Amino acid sequence: MIEHRLDPDLQTRLYTRMVLTRTFEEKIAELCREPGRMPGMQILANGQEAVAAGMVSALEPEDVIISNHRSHGHLLARGADLNALMAEIMVKGQGVNGGKAGTLHLSVPDLNILMTSTVVGAGPLLALGAAFAQQYKGSSGITVVFFGDGAAAEGSVHEAMNLAGVWKLPLLFVCENNCWAGAQRLEEHCATRHIFQRANGYDIPGRSVDGNDVEAVYNLGLELAAYCRSGKGPAFMEALTYRMRGHGEQDPQDYVDPKELERWAAKCPIRGYRQKLLKEGVLDDVQIQSIHEDAATRVEAAVAFGDASPYPGPETFLSDVFVQPPSV
Ligand SMILES: Cc1ncc(C[n+]2csc(CCOP(=O)(O)OP(=O)(O)O)c2C)c(N)n1
Ligand SMILES: [Mg+2]
């Protein structure tokens with residue numbers, strides 16, 4: 001892997017993005033413990049913040065993102081408005097999608113986050129279409145699709161890899177291998193310990209990275225994005241990480257060995273990076289504290305914004321539902 005020495009501003013940004021995501025999601029987890037407070041199923045990516053922050057920070061504004069049910073970190077790293085995101089998660093009218101998407105179907109078209117698909121394994125096929133459009137229009141953008149280790153076993157993902165390989169599309173597959181698919185361990189649903197090697201079967205370069213090391217993800221993300229952008233075709237990243245909470249907030253995670261959780265907690269991507277930045281003198285304790293306080297303040301403000309926002313009214317039922325076909 002090409003090792004770039006990251007400049008301190010970028011390092012600070014990576015740390016800040018991870019802290020914001022963790023703070024945002026811990027607040028959602030807290031609200032879920034209040035009966036009736038949060039709608040639907042809340043699916044969080046605690047422990048996986050480095051994949052989102054590292055990969056998304058390596059992208060250009062014209063690049064398209066397709067995410068999945070564990071999407072908050074991807075959106076926050078892209079700079080999604082915190083207030084509108086929280087309001088959407090609360091299905092409120094001032095949410096990023098007017099309260100019609102909720103946490104599981106978020107999209108932020110202005111930021112080229114086309115959609116999050118909760119149909120496991122559907123994202124790569126949608127991304128195939130987005131990358132085809134980019135290639136067809138001669139755009140310099142690429143498409144990045146995030147999906148899980150469970151999704152990687154779906155036929156749709158393999159079809160997407162095959163066609164992307166045939167058409168040499170600018171499509172970066174990012175598999176977040178968090179060791180679990182629902183309540184199934186990796187060994188129960190996946191025949192290989194090296195998902196990235198499957199890409200080679202489609203003539204796609206496949207690489208793996210420590211998904212808890214934000215700089216390693218960033219560096220590999222830059223390298224693979226450049227490969228896709230150069231017209232050589234798709235690429236595949238497997239980021240090895242761990243899902244620190246249950247599948248969703250309703251899941252007590254009682255099937256997980258607490259010792260395994262402890263081992264992964266010791267590899268927390270945020271704590272590890274904080275130690276590195278302190279050691280390198282990039283940030284000091286006061287600056288770290290201020291990053292955490294700022295995140296907490298912004299998240300509290302987002303909750304207040306979401307709470308104050310009304311639910312979408314019946315007059316909005318038919319808006320944003322149909323698209324006018326282009327006139328010919
Ligand atoms: C086609 C389909 N099958 C099953 C489900 C139910 N489901 C939702 S998430 C999930 C597990 C996905 O695991 P993985 O792809 O590893 O992603 P992770 O949840 O670990 O981020 C399942 C089975 C679904 N949403 N869609
Ligand atoms: Mg998984």
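Which helices each supply at least two residues of the lining of the largest cavity? In this predicted model, where local features need pLDDT of at least 70, side-chain atom pairs count only at pLDDT 80 or more, and totals for chains, interfaces and linings use all residues, the helices in question are helix 2 (49-57) and helix 3 (72-78). Residues are numbered from 1 along each chain as its sequence is written, chains are lettered from A and ligands numbered from 1 in the order in which they are written, and side-chain values use heavy atoms, with hydrogens and water left out. Helices here are DSSP runs of H or I with at least four residues, strands are E runs with at least two, and both are numbered from the N terminus.

First, the holes inside. A cavity is a set of points, on a 1 Å grid over the protein atoms alone, where a 1.4 Å probe fits but cannot get out, and its lining residues have an atom within 4 Å of a point. Grid points are joined across faces, edges and corners, and a volume is the space filled by probe spheres set on the points. Two cavities of 30 Å³ or more turn up. The largest holds about 50 Å³, and its lining includes Thr 21, Arg 70, His 74 and Glu 176.

Next come the salt bridges, each being a side-chain nitrogen of Lys or Arg within 4 Å of a carboxyl oxygen of Asp or Glu. The whole structure has 14 of them. One joins Arg 185 to Glu 260, at 2.9 Å from N to O. Arg 185 sits in strand 6 (residues 184-185) and Glu 260 in helix 9 (residues 258-265), so this pair ties together parts that are 75 residues apart in sequence. Glu 260 is buried, at 9% relative accessible area, while Arg 185 is partly exposed at 27%; buried means under 20%, exposed over 50%, and partly exposed in between (1.4 Å probe, protein chains only). Another bridge pairs Arg 245 with Glu 249, their closest N and O atoms being 2.8 Å apart. Salt bridges with shared partners also link Lys 27, Glu 30 and Glu 300 into one network.

Finally, the outside. Tyr 136 lies in helix 5 and is exposed, with a relative accessible area of 70%.

Definitions and conventions:
1 Å grid on protein atoms, 1.4 Å probe; cavity = no way out; pocket = protein on both sides within 12 Å on 5 of 7 lines; lining within 4 Å.
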